Amino acid sequence: MSWLIKTLTSTLGRKLIMSLTGLFLIIFLLVHLAGNLQLLKDDGGMAFNIYAKFMTSNPLIKTTSYILYATFIIHILLSALLTINNLRARGAGYKVNRLSEGVTWSSKNMGILGTIIFIFLVAHLKHFWYEMHWGGIPMVTYEDVTVKDLYLVVATAYGELWYVLFYVVGMIALGFHLYHGFQSAFQTLGLNHLKYTPAIKVVGIGFSLIVPALYALIPLLMYLS
Amino acid sequence: MKLTLKIWRQKSAGTQGKFIKYEIDNISEDTSFLEMLDQLNVELEEKGEEPVHFDHDCREGICGTCSLYINGHPHGPHQTTTCQLHMRSFKDGDTITIEPWRAKAFPIIKDLVVDRSAFDRIIQSGGYISVNTGGTPDANEIPIPKDVASEAMDAASCIGCGACVAACKNASAMLFVSAKVAHLGKLPQGEVERHARVQRMVAQMDEEGFGACTNTGACAAECPKEISLTNIALMNRHYFNASFSH
């Protein structure tokens with residue numbers, strides 16, 4: 001086992017973990033978005049509520065969700081550790097420091113962007129995830145099933161302008177984070193080649209624009225309607 | 001040309017340093033940056049002041065000895081070594097800030113001179129090929145495809161100046177280490193040792209206190225020898241391959 005610990009605690013190993021957890025979280029973003037889009041369905045929240053019930057009761061989904069919690073925690077804690085080590089490696093900084101050609105602003109500010117996303121995540125979990133699991137949510141009955149009316153909680157939150165703005169800011173930070181993170185994850189895995197790297201970059205940029213925009217669109221549309 | 005220079009002056013490793021302002025006149029735009037500093041030092045010596053210490057050797061862009069963080073870029077505004085930088089890249093009346101490389105693994109010795117022996121220790125840990133010496137082998141004994149030879153040569157053009165470490169916001173040495181790993185690992189003579197080599201060199205790199213790579217690409221953008229980021233991807237592949245399957 002010592003070889004494994006040695007590998008994963010090296011700078012390269014830590015980056016490997018950041019890359020793999022990041023890619024897993026990217027997949028999660030797609031799944032979560034597919035669920036969220038049901039909020040826009042004009043059925044008073046029935047599809048969304050039944051989906052929410054399924055996501056919190058299906059054994060396979062529940063198991064995956066524990067892996068997801070672990071992934072979030074590892075990605076966040078390891079990034080904090082790496083950031084501290086990286087700052088230490090620089091030591092005293094430069095008086096004059098300019099951005100090198102071709103270096104994106106996102107890539108130099110992943111820690112700040114990640115921190116904004118983390119704040120968003122904590123508030124988001126408190127408002128919806130905690131409420132769904134342990135909060136006193138009113139029940140709603142559709143034909144033969146009775147489920148928690150999470151749609152009502154979401155619709156109430158998205159009726160508040162400050163919350164919608166908070167959500168949009170969170171998604172902008174997520175977009176910039178993904179703009180660098182998506183392609184960076186592949187580079188860390190050692191996947192960099194003239195043949196497919198341009199494609200990874202294009203897909204990454206598309207993902208970082210479209211996915212956060214769709215997320216942000218939901219509260220915006222619900223607020224306006 | 002008339003210039004204002006803000007130069008980092010530090011007496012020794014353990015002492016506090018600070019920026020000192022110098023005014024310099026009569027600089028020809030054909031002067032190289034290091035010759036401009038020579039001119040300043042002559043003036044300082046004439047006044048009985050201590051000259052500014054900076055690293056330099058070949059002055060033709062091949063040894064990697066010159067350093068200097070000039071106006072926010074390693075080796076100044078162009079992708080060259082400092083010795084190949086000329087004063088025509090600046091305007092009359094400019095203020096130029098000159099700083100040493102900043103990295104915990106590159107401690108300052110004096111003024112603008114830093115100790116880059118961490119790179120030497122990384123090379124000693126694995127940047128070589130273990131073959132017994134003997135008679136000169138025939139040039140065509142080991143056939144090497146042209147594209148492989150070219151890629152190895154591109155990686156081998158790294159001069160170990162440390163601009164990658166200086167430019168990286170994490171003071172990471174991965175571009176340097178990966179250039180050595182790629183240069184030796186791509187050729188058949190070095191390929192046989194590639195697993196042990198990459199593990200030893202990465203371990204030494206971490207031991208020296210360099211940061212981790214966050215793939216900003218600043219290193220490759222500032223490298224005077226245009227070493228590519230694909231080398232870092234290759235090093236990662238070799239390292240994970242070596243760790244998990246050898």
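With 26 C-beta neighbours inside 10 Å, His75(B) counts as buried (20 or more other C-beta atoms within 10 Å of its own; exposed means 12 or fewer, partly exposed in between, with C-beta atoms placed from the backbone). His75(B) is not a glycine, yet has a positive phi of about 60°. This is a predicted model, in which local features need pLDDT of at least 70, side-chain atom pairs count only at pLDDT 80 or more, and totals for chains, interfaces and linings use all residues. Residues are numbered from 1 along each chain as its sequence is written, while chains are lettered from A and ligands numbered from 1 in the order in which they are written.

**Confidence**

- The model has an ipTM of 0.91 and a pTM of 0.94.
- The average pLDDT of chain B is 95, and 100% of its residues score at least 70; pLDDT is the predictor's confidence in each residue, from 0 to 100.

**Chain A overall**

- Chain A contains nine helices and two strands, where helices (H or I, at least four residues) and strands (E, at least two) are DSSP runs numbered from the N terminus.
- Along the sequence, these elements of chain A follow the pattern α-α-α-α-α-α-β-β-α-α-α.
- Taken along the principal axes, the C-alpha atoms of chain A fill a box of roughly 60 × 45 × 40 Å.
- Of the 225 residues in chain A, 27% are buried.
- Among contacts in chain A with a separation of 6 or more, 76% are between residues 24 or more positions apart; two residues are in contact if their C-beta atoms, placed from the backbone, lie within 7 Å.

- Helix H2 of chain A (residues 11-36) has 26 residues and should span 38 Å at 1.5 Å a residue; its end C-alpha atoms are 37 Å apart, which agrees. The expected span is 1.5 Å times one less than the number of residues.
- The buried residues of H2(A) include Leu12(A), Leu16(A) and Met18(A), and also Arg14(A) and Lys15(A).
- Cover for the buried residues of H2(A) includes helices H1 (2-9), H4 (59-90) and H8 (161-188) of chain A, together with H7 and H9 of chain B.
- Strands E1 (residues 139-142) and E2 (residues 145-148) of chain A run antiparallel and are joined by four bridges; two strands pair if DSSP finds at least two bridges between them.
- Tyr142(A) has Val145(A) in E2(A) as its bridge partner.
- Two residues separate E1(A) from E2(A) in this hairpin, and Glu143(A) in the turn has a positive phi of about 50°.

**Sheet and loops of chain B**

- Chain B has an open sheet of five strands in the order E2-E1-E5-E3-E4, with mixed pairing.
- Strands E2 (18-24) and E4 (73-74) of chain B stand at the edges with a single partner strand each, so one side of each has no neighbour in the sheet.
- Strand E1 (residues 3-9) of chain B runs antiparallel to E2(B), and seven bridges join them; Leu5(B) stands opposite Tyr22(B) in E2(B).
- The loop between E4 and E5 of chain B holds His75(B).
- Ala171(B), also not a glycine, has a positive phi of about 50° and lies in the loop between helix H4 (163-167) and helix H5 (174-185) of chain B.
- Ala171(B) counts as buried, with 26 C-beta neighbours inside 10 Å.
- Most residues other than glycine have a negative phi.

**Leu112(B)**

- Leu112(B) sits in the loop between strand E6 (108-110) and strand E7 (113-114) of chain B and is buried, with 25 other C-beta atoms within 10 Å.
- Leu112(B) and Trp8(B) are 104 residues apart along the chain, but their C-alpha atoms are separated by 6.6 Å.
- Beyond its neighbours within four places in sequence, Leu112(B) is in contact with residues including Trp8(B), Phe54(B), Leu68(B) and Ile98(B).

**Domains of chain B**

- Chain B is divided into domain 1 (3-109) and domain 2 (116-245), with bounds from an automatic or database domain assignment.
- The C-alpha centres of domain 1 and domain 2 of chain B lie 29 Å apart.
- The contact between them takes 18 residues from domain 1 and 17 residues from domain 2 of chain B.

**Interface between chains A and B**

- The contact takes 36 residues from chain A and 38 residues from chain B.
- On the chain B side, strand E5 (95-99) and helices H7 (194-207), H8 (218-222) and H9 (230-245) are the elements that give two or more residues.
- H9(B) supplies the largest share of that side, eight residues.
- The chain B side divides into 17 nonpolar, 14 polar and seven charged residues; Ala, Val, Leu, Ile, Met, Phe, Trp, Tyr, Cys and Pro count as nonpolar, Asp, Glu, Lys and Arg as charged, and the others, Gly among them, as polar.
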